[in-house]
Amino acid sequence: MKYAHRTFLWSIAPFTILLVGIFGAVQQSVSSTVRQGLRNSLRERQAAVASMERRAAARYSRALRAVAESAALKAGLQLVLHDGGKEARLTLEDQLKEICDSIGVDFLLISNGNGVPLAGIMRSGDRISGMDLASIETPTGEYLLHSGHIYRVTPIPVNQAGENIATLSVGERFDLSEFNAPVALLRSGRVIDANLPGFSLRELESGLRRCGRDSECEFSLRNETYLSEVLENVRFGNGYTLRSLQNVDRAVSPVQRVLRRIFVNSGLCALLAAIGLSAVSARSIVQPIAQVVAQLRNSAGSGLPPEFSACASPVREIRELMASFNDAAGAIRDGREELSRAYVEFIGSLASALDARDPYTAGHSVRVSEYSLAIARRLNLAPQQIDEIRIGALLHDIGKIGIADSVLQKPGGLTAEEFALIREHPVIGRKILEGVQGLAPYLAIVELHHENWDGSGYPYGQRGQETPLGARIVHVADAYDAMTSDRPYRRGMRREEALRALIRNAGVQFDPLVVKVFAESLGDEGDLRPRQNVSLANLARAIRGEPVAAAQEASRLS
Amino acid sequence: MSLRLQQATFFAALTAAYAAYAGEIEGAVIVHRRLTKRAITAPVSAYQRGVAVNLDADAEQDPLEFERSHVVIYVEGEFPSRPGFAVMEQRNRRFAPDLLVLPAGSQISFPNEDPIFHNVFSLSKPKSFDLGNYVKGQTRLVTFPKPGIVFVNCHLHPNMSAAIVITPNSWGARADASGRFRFSGIPPGDYTVAAWHKAAGFVRQTVRVDNRRPARIEFLIPLEESVSASYAKR
């Protein structure tokens with residue numbers, strides 16, 4: 001599962017980072033695009049408004065030209081120009097009042113050809129009153145600021161006989177609220193008026209200070225970004241500028257909100273999909289691999305070649321991997337079995353050859369193996385243990401290789417030294433077999449098959465069940481075969497005699513249970529009698545576990 | 001001076017003689033509907049400033065009364081008459097009164113009562129004049145020797161307008177508010193009586209004057225189509 005986690009993380013993490021990165025980048029680029037678009041649309045809108053304004057102003061000034069062509073006005077003007085008295089000015093003022101009332105403007109100023117004001121009237125509330133000419137600035141732009149009010153001014157020339165005798169400035173009150181976009185009116189850095197609701201002029205002024213004289217700038221006001229442009233086409237003259245104020249954040253935020261929603265939704269979906277895919281891939285690829293690795297480790301620990309259950313994984317590659325592992329493991333197992341069998345055969349034939357050195361002990365190992373097999377079967381041992389006992393019995397006297405024939409085949413009694421040499425053979429056998437891989441299970445039988453139940457045996461003097469069962473069984477079978485075999489100095493005991501000797505020594509030299517089982521097997525199976533001649537073929541059969549006795553019986557009968 | 005006195009005595013005697021044998025014309029002007037077209041729009045500023053605009057309102061007068069009192073009736077034909085004198089003021093950028101009826105040879109004074117300049121003038125055939133610019137307190141005197149209709153305007157104030165009807169004799173007057181008029185001391189005979197309204201123009205009727213009772217005339221102004229056709233036949 002550790003591999004699966006790591007794989008999952010490795011596949012999900014780059015994806016998440018990529019997704020977040022893409023999200024950030026796209027959001028950034030869209031936001032800047034929107035901002036740019038906003039700026040452009042602002043500029044376009046201003047241009048459109050400006051051209052409309054210009055057309056409207058042209059129409060307006062054409063209409064107003066008719067007013068300037070009024071003969072009465074010209075007569076009044078002439079009166080002022082030539083008379084100049086108070087009554088003349090009043091008359092002109094009165095005429096302007098009448099014009100003002102009839103065309104509904106808020107501001108009329110007539111000035112002579114040199115721009116000197118002659119008469120002016122202004123509407124305040126419902127009253128139209130004369131203007132204090134001393135306080136008025138001659139308008140130089142389209143807009144005029146007078147006594148706190150902004151007037152949009154259209155200058156109309158008054159001509160007579162090809163001579164420009166005066167200029168009639170027609171003004172309408174103008175409110176910044178008439179701009180459908182937020183604007184601020186400034187004069188040399190000071191904000192004079194603005195129509196941005198909720199902001200004081202001072203606040204705007206400090207925000208706009210960043211802009212200086214730039215025609216376009218961005219500034220921040222209460223943590224929101226504003227875009228400001230000088231409205232070039234609105235000419236105030238006299239040092240006034242009008243700036244547009246556009247809240248960029250507010251304009252961009254709907255788009256950003258939509259984007260964020262799209263990204264969060266699609267990102268979550270993609271993330272879920274990625275999690276699912278990663279989990280599936282981790283499960284389908286990594287988990288089987290992890291299992292394979294775990295089994296390999298197990299087998300490394302146990303020394304047994306691994307075996308994998310077929311079709312454990314839905315992934316073909318994994319299945320093939322497992323199958324080839326299985327093949328390899330099988331080959332190894334087979335080779336190892338082959339090897340160990342070859343060893344057993346080799347050692348068995350060695351033992352047999354050893355037996356054959358002395359005609360009296362020929363076939364001894366095979367017979368002991370048969371007796372032991374019979375006992376082990378009667379004891380209902382596991383097949384593997386039975387096999388171990390069978391082969392162990394076959395090899396039990398291999399240590400006698402290291403003992404001189406003169407000692408082994410000495411007729412008559414042995415000296416103490418000679419007997420000590422004989423007693424060496426289990427340890428020698430163990431040492432011989434120890435170096436061979438695959439024969440480890442038989443070492444105990446070879447080494448301990450002369451230990452007695454009461455602890456009087458050799459080489460260690462183990463007692464009772466300290467000695468493994470296999471060794472105890474082989475001990476009984478060995479003793480029985482030794483007793484029933486002829487020796488140069490005596491004839492072999494009869495079966496019953498030997499059995500009696502075994503029973504006598506049960507619990508002293510032998511395991512009583514093994515003796516009991518052996519006696520039973522001898523009683524039941526009459527074919528367990530000692531045989532003198534055992535061929536190599538029979539030996540091989542005995543090693544493979546095939547019934548040697550039955551085959552012999554059959555050959556004898558025929 | 002003595003000649004003047006003699007002349008005056010002569011006219012008085014003559015008038016007395018006419019009166020001895022004089023008849024009368026009396027009648028009425030009947031106006032069915034408004035004749036003077038009203039301004040169809042109020043000043044733009046009235047609209048702009050949300051003032052309630054009611055173009056049908058007639059400030060001080062019944063509109064038909066106004067129309068009747070602006071009908072001038074006079075007897076055609078030249079008869080000796082005494083010149084008269086009248087005053088037409090310029091006040092609040094208007095002529096007051098805006099209609100005068102006087103026999104030929106009469107004089108009219110045009111005083112300026114406004115604090116501003118006015119420039120009274122006329123381009124009418126019977127008498128054209130231009131009095132120039134003059135200020136408050138000044139006046140100009142104009143004599144109208146020939147009968148006819150003289151329209152008066154101001155150069156400085158195109159909205160100012162007045163009419164002066166110079167009649168060929170003394171039998172001329174504006175109808176009163178109810179439309180009635182009456183001329184006396186007319187020698188018996190057949191006369192043509194004319195009625196004039198600035199907007200409706202002339203309407204004429206013939207009438208026989210005798211000593212026994214006043215001759216009666218009714219002027220229907222404006223003339224309906226059928227009526228004017230029957231008059232035309234006669």
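Here is a conversation about how some labels on this predicted model follow from its geometry.

Student: What should I know about the model before we start?

Tutor: It is predicted, so local features need pLDDT of at least 70 and side-chain atom pairs count only at pLDDT 80 or more, while totals for chains, interfaces and linings use all residues. Residues are numbered from 1 along each chain as its sequence is written, with chains lettered from A and ligands numbered from 1 in the order in which they are written.

Student: What makes up the secondary structure of chain A and of chain B?

Tutor: Chain A has 17 helices and 11 strands, and chain B has 4 helices and 17 strands. Helices (H or I, at least four residues) and strands (E, at least two) are DSSP runs, numbered from the N terminus.

Student: Why is the packing of α7(A) and α13(A) called oblique?

Tutor: Start with the values: α7 (residues 364-378) and α13 (residues 469-484) of chain A pack at about 130°, with axes 9 Å apart. Axes are lines fitted to C-alpha atoms, for helices over the stretch in contact, and angles run from 0 to 180 degrees between N-to-C directions. Angles under 35 degrees count as roughly parallel, over 145 as roughly antiparallel, 65 to 115 as roughly perpendicular and the rest as oblique. An angle of about 130° falls in the rest, so α7(A) and α13(A) are oblique to each other.

Student: Which residues make that contact, and how are they classed?

Tutor: Among them are His364(A), Arg367(A) and Tyr371(A) of α7(A), and Ile473(A), Ala477(A) and Asp481(A) of α13(A). Contact here is a C-beta criterion: two residues qualify if these atoms, placed from the backbone, lie within 7 Å. The residues divide into 8 nonpolar, 2 polar and 3 charged. For these classes, Ala, Val, Leu, Ile, Met, Phe, Trp, Tyr, Cys and Pro count as nonpolar, Asp, Glu, Lys and Arg as charged, and the others, Gly among them, as polar.

Student: What makes α5(A) and α6(A) roughly parallel?

Tutor: The axes of α5 (residues 248-302) and α6 (residues 316-357) of chain A come within 10 Å and cross at roughly 10°. That angle is on the parallel side of the cut-off, and therefore α5(A) is roughly parallel to α6(A). Ile285(A), Pro288(A), Ile289(A) and Val292(A) of α5(A) meet Ile318(A), Leu321(A), Met322(A) and Phe325(A) of α6(A). By class, this contact has 8 nonpolar, no polar and no charged residues.

Student: How do you know that Gly120(A) is buried?

Tutor: A residue is buried if 20 or more other C-beta atoms lie within 10 Å of its own, exposed if 12 or fewer, and partly exposed in between, with C-beta atoms placed from the backbone. Gly120(A) has 21 such neighbours, so it counts as buried. Gly120(A) is in strand β2 (residues 117-124) of chain A, and the residues it touches include Leu108(A), Ile110(A) and Leu133(A).

Student: Are Ala161(A) and Arg222(A) buried or exposed?

Tutor: Ala161(A) has 5 other C-beta atoms within 10 Å, and is therefore exposed. Arg222(A) has 9, so Arg222(A) is exposed too. Ala161(A) lies in the loop between β5 (149-160) and β6 (163-174) of chain A, and Arg222(A) in the loop between β9 (216-221) and β10 (224-230).

Student: Which peptide bonds in chain B are cis?

Tutor: Examples include the bond joining Ala96(B) and Pro97(B), with omega about -5°, and the bond from Ile221(B) to Pro222(B), with omega near -5°.

How values were computed
Lists of a residue's contacts leave out its neighbours within four places in sequence.
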